[in-house]
Amino acid sequence: MFQLKDAFCHSSNFFDLSSDKKSKYIYPTLENKGGFGYVPAEHEHFDHDKPVDIKEAFDISPGVDQSRWPSEEDVPGFHRSMKSLIDQMTTLAHRLYYLVGIGLDLPDPNHLSRASFKGDGMLFRILNYPKVDHLSMLKPGQVRCTGHTDYGFLTILYQDDCGGLEVMNREGEYVEAIPLKGTALVNVGDFLSMCTGEKLKSTMHQVLISEENFGRRRQSIVMFCDPDGDFALEPLCGNLEGLQPLTFNQWRNKRYAQTYR
């Protein structure tokens, strides 16, 4: 797990930069979602009945302008470290796709991999949740990340030991996703849920701030394992009754409009 430890170290180094330095790497326009670059704190908003989320991120997506890698002067080794982990997580994603194909008894267990062949739906993200020292720093109802589901097929998440992540079970109750060293958490996303008639249900999740974690930052590393943008909604099992035909790009853009409005 050297690559993972190394990536967390470089993630910390990036987010510890001054705001002026980090601003050099902001998306060309923050309306250009799913691309490459820095997303400042309090920009994303999943639940508009609550205050904005307390987190910042750096997104790395294939097939887009990648000129905004942090420089070697600002964060030595960042590019090498993240690229190595992206390669490993991409391999893991396709192994998971194969296992899902077997579990769904698909005629071709590699069907999800083929749906992601170009890789333009994949998104790698490092996240930093700045430390909160006391409740007075929070607005009423404010949390690190409000409840939401992810957009695509699967999400692979590595988290530090800070805690705070909760996932919703089938009874509609949030339960703590306790960090386990050396393990990855895997969530089902919306598009896979729709394709399976909710046989595989997308996972609602949130990140809270508990008193025992006051004064601590939280970090996570995520790979959104999503289909190619032109992949069209199709029934892998069950049916698509009540759903409108759409591509993953159309679905993702709809979710982006809700998140960043």
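## Leu 138

Leu 138 counts as buried because its relative accessibility is 17%; buried means under 20% relative accessible area, exposed over 50%, and partly exposed in between (1.4 Å probe, protein chains only). Leu 138 sits in the loop between β3 (123-129) and β4 (145-148). Helices (H or I, at least four residues) and strands (E, at least two) are DSSP runs, numbered from the N terminus.

Which residues touch Leu 138, leaving aside its neighbours within four places in sequence? They are Ile 54, Val 132 and Ile 209. Contact means heavy atoms within 4.5 Å. Leu 157 is 19 residues from Leu 138 along the chain, and the two C-alpha atoms are separated by 26 Å.

## Basis of the model

This is a predicted model, in which local features need pLDDT of at least 70, side-chain atom pairs count only at pLDDT 80 or more, and totals for chains, interfaces and linings use all residues. Residues are numbered from 1 along each chain as its sequence is written, and side-chain values use heavy atoms, with hydrogens and water left out.

## The whole chain

The protein chain has 6 helices and 10 strands. Its radius of gyration is 18 Å, close to the 18 Å that the globule rule gives for 261 residues, so the chain is as compact as a globular protein of that length. That radius is taken over C-alpha atoms, and the rule is 2.2 Å times the number of residues to the power 0.38. Along its principal axes, the C-alpha trace spans about 50 × 40 × 35 Å.

Of the 261 residues, 52% count as buried. Take the contacts with a separation of 6 or more: residues 24 or more positions apart account for 76% of them. The accessible surface of the chain comes to about 12,800 Å², and 53% of it belongs to carbon and sulfur atoms. Accessible areas come from the Shrake-Rupley method with a 1.4 Å probe; for residues, only the protein chains shown count as cover.

In soluble globular proteins, nonpolar side chains tend to be buried together. Here the largest nonpolar core has 50 residues. Helix α3 (residues 78-103) gives the most to this core, with 9 residues. A nonpolar core is a set of buried Ala, Val, Leu, Ile, Met, Phe, Trp, Tyr and Cys residues joined through side-chain atoms within 4.5 Å.

Phe 14, Phe 58, Phe 124, Phe 191 and Ile 221 have the most contacts inside the largest core. Beyond its neighbours within four places in sequence, Phe 14 touches residues including Tyr 25, Phe 58 and Phe 78.

## Arg 252

Arg 252 lies in helix α6 (residues 248-259). Is Arg 252 buried or exposed? Arg 252 counts as buried, at 11% relative accessibility. Leaving aside neighbours within four places in sequence, Arg 252 is in contact with Asp 120, Gly 121 and Tyr 151. Asp 150 is 102 residues away along the chain, yet its C-alpha atom and that of Arg 252 are separated by 9.6 Å.

## Two positive phi values

Asp 105 has phi near 60°, a positive value in a residue other than glycine. Asp 105 lies in the loop between α3 and α4 (111-115). At 67% relative accessibility, Asp 105 counts as exposed.

Glu 198 has phi near 65°, also positive in a residue other than glycine. The loop between α5 (190-195) and β9 (205-207) holds Glu 198. Glu 198 counts as partly exposed, at 48% relative accessibility.
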